[in-house]
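Trainee: I've just opened this one and would like to get my bearings. Could we walk through it together?

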Amino acid sequence: MYKLYKGDLPKTELDKIRKNKSVAVDTEYMGLKLQEGNLYLVQLSCGDGKVALVQLDPKKGYKCPNLKSIFKDHKIEKIFHYARADMGVIKMNLHTDVKNVFCTKIASKIIRRNAVKHSLGVLVQEICGVKLNKESQLSNWAAKELTEKQLTYAANDVLYLHEIKEYFEQKLKETKQMKMTQACFNFLPMQIELDMSGLQEVEIFSHS
């Protein structure tokens with residue numbers, strides 16, 4: 001189901017993603033605040049049931065040109081759940097802006113606006129009929145050798161994103177809300193700039 005690579009994505013995986021033109025992405029990082037979080041793992045899947053896991057070491061300086069090239073490529077759609085957090089930690093650590101994004105959490109909040117929960121686990125169970133095991137979410141991602149349990153957990157976080165994205169994309173088109181949702185995706189880079197400048201918890205558009 002998954003392959004683990006250390007330091008960067010190999011060219012064979014890079015070429016596969018470029019050919020597919022769409023990749024689900026998630027990250028594992030540690031830190032109480034986005035501005036302080038170190039990035040340790042990046043998960044990628046083309047929606048074919050296979051996952052490439054890239055383990056990174058902050059002490060080695062994030063020299064991962066193939067991984068960075070995917071994020072910067074306008075032609076490759078990146079599917080996230082809660083893109084704000086993942087794009088933020090990528091920006092902070094890899095100093096790279098992520099282009100061409102679809103966020104399933106934003107789509108969920110627009111389509112399922114009366115729902116109480118919009119977590120990935122809820123969406124995977126509701127849309128895909130699968131219950132995810134989230135026990136390893138708060139485990140030690142800084143460990144030199146990650147456990148099989150950690151790697152399986154990480155891989156599961158991208159395995160279903162293509163299916164969820166397709167579901168919401170259809171719903172957004174049916175309800176004529178795709179343009180508004182895309183505008184939200186387009187605003188994400190500026191939201192991340194606000195987060196990085198210390199305005200993460202400030203509702204700048206609110207009346208108060």
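Predicted model: local features only at pLDDT ≥ 70, side-chain atom pairs only at ≥ 80, totals over all residues.

Trainee: Okay, and in which strand is Thr 27 placed?

Mentor: Look at the stretch covering residues 22-30.

Trainee: Is Thr 27 buried or exposed?

Mentor: Its neighbours are Leu 39, Leu 41, Val 42, Gln 43, Asp 86, Val 89 and Ile 90, leaving aside residues up to four places away in sequence. The relative accessible area of Thr 27 is 5%. Buried means under 20%, so with 5% Thr 27 counts as buried.

Trainee: Next, where does Glu 36 lie?

Mentor: Go to the loop that joins E2 to strand E3 (38-45). Apart from residues up to four places away in sequence, Glu 36 touches Met 30 and Gly 31. Its C-alpha atom is 9.5 Å from that of Asn 93, which is 57 residues away along the chain. As for its place, the answer is the loop between E2 and E3.

Trainee: What about Arg 84: which backbone oxygen lies 3.1 Å from a polar atom of its side chain?

Mentor: Arg 84 is in helix H3, and at 23% relative accessibility it counts as partly exposed. Setting aside residues up to four places away in sequence, it touches Leu 188, Gln 191, Ile 192, Asp 195 and Gln 200. The C-alpha atoms of Arg 84 and Leu 188 are 6.4 Å apart, though 104 residues separate them along the chain. The backbone oxygen you want belongs to Gln 200.

Trainee: How much space lies in the second largest pocket?

Mentor: Its lining has 17 residues, with Gln 55, Leu 56, Asp 57, Pro 58 and Lys 60 lying nearest the centre. By class, that makes seven nonpolar, three polar and seven charged residues. The space in this pocket comes to about 380 Å³.

Trainee: Last stop, helix H5 (residues 120-128). Why are its buried residues on the same side?

Mentor: The buried ones are Leu 120, Gly 121, Leu 123, Val 124, Ile 127 and Cys 128. They are on the same side of H5 because the arc they cover around the axis is only 165 degrees.

Trainee: Which helices are included in what covers those buried residues?

Mentor: Start from H5 itself: just after it, Gly 129 takes a positive phi of about 75 degrees. For the cover, look for contacts, meaning heavy atoms within 4.5 Å. The cover includes helix H4 (104-111), helix H6 (148-159) and helix H7 (161-174).

Terms used:
Residues numbered from 1 in each chain as written. Heavy atoms only, no water. 1 Å grid on protein atoms, 1.4 Å probe; cavity = no way out; pocket = protein on both sides within 12 Å on 5 of 7 lines; lining within 4 Å. Points joined across faces, edges and corners; volume = space filled by probe spheres on them. Nonpolar A, V, L, I, M, F, W, Y, C, P; charged D, E, K, R; others polar. Helix = DSSP H or I, 4+ residues; strand = E, 2+ residues; numbered from the N terminus. Buried < 20%, exposed > 50% of the residue type's maximum accessible area, 1.4 Å probe, protein only. Polar contact = N/O pair within 3.5 Å; in protein donor to acceptor, adjacent residues only side chain to side chain. Arc of directions from axis to C-beta.
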